Amino acid sequence: MHIDWAALGSVFGVSLVVTVALVGLFTLGIIGLSKREEASTRGDSVALATTGAYVCFALCAAAVAYGISLIMA
């Protein structure tokens, strides 16, 4: 049995980076939703915070869908 350590390390590195990026993107979406609530209590416009949050969530969903499509192919 031969283990290709370089390939294993590469897969580990890519999965770590993608995981951190997805968690960060989801966190930005949650922060955007909380800013929306703060803006609505102050009477400011909530469009930018809401749009940014939904874009972050859509990018998370697209990344998950892409990962599932890679697994299924």
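Mentor: One definition before we start: contact means heavy atoms within 4.5 Å. Helices are DSSP runs of H or I with at least four residues, strands are runs of E with at least two, and both are numbered from the N terminus.

Trainee: Okay. What kind of model is this?

Mentor: This is a predicted model, where local features need pLDDT of at least 70 and side-chain atom pairs count only at pLDDT 80 or more, while totals for chains, interfaces and linings use all residues. Residues are numbered from 1 along each chain as its sequence is written, and side-chain values use heavy atoms, with hydrogens and water left out.

Trainee: Which residues does UniProt annotate as "transmembrane region"?

Mentor: The unreviewed entry gives that label to residues 6-33 and 45-68. UniProt positions follow the numbering used here, feature names are shortened, and annotations may be inferred rather than shown by experiment.

Trainee: And how much of each span is helix in the model?

Mentor: Residues 6-33 are 100% helix and 0% strand, with end C-alpha atoms 41 Å apart. For residues 45-68 it's 92% helix and 0% strand, and the end C-alpha atoms are 37 Å apart.

Trainee: What about α1, how far apart are its end C-alpha atoms?

Mentor: They're 55 Å apart, which agrees with the 56 Å that its 38 residues should span at 1.5 Å a residue. The expected span is 1.5 Å times one less than the number of residues.

Trainee: Which residues of α1 are buried?

Mentor: Leu25, Gly29, Gly32 and Ala39. Buried means under 20% relative accessible area, exposed means over 50%, and partly exposed is in between (1.4 Å probe, protein chains only).

Trainee: What do those buried residues pack against?

Mentor: The buried residues of α1 pack against α2.

Trainee: What follows α1?

Mentor: Gly43 does, and its phi is positive, near 90°.

Trainee: Switching topic: how many aromatic pairs are there?

Mentor: One. Rings of Phe, Tyr and Trp (its six-membered ring) pair if their centres lie within 6.5 Å; planes under 30 degrees apart are stacked, over 60 edge-to-face, and the rest tilted. Phe26 and Phe57 have ring centres 5.2 Å apart and planes at 55°, so the pair is tilted.

Trainee: How far apart along α1 are Glu38 and Lys35?

Mentor: They're three residues apart, so about one helical turn separates them.

Trainee: Is Arg42 buried or exposed?

Mentor: Arg42 is exposed, at 57% relative accessible area, while Asp44 is partly exposed at 42%.

Trainee: Last one: how many disulfides?

Mentor: Zero, where a disulfide is a pair of cysteine sulfur atoms within 2.5 Å. Cys56 is buried at 12% relative accessible area, and Cys60 is buried at 9%.
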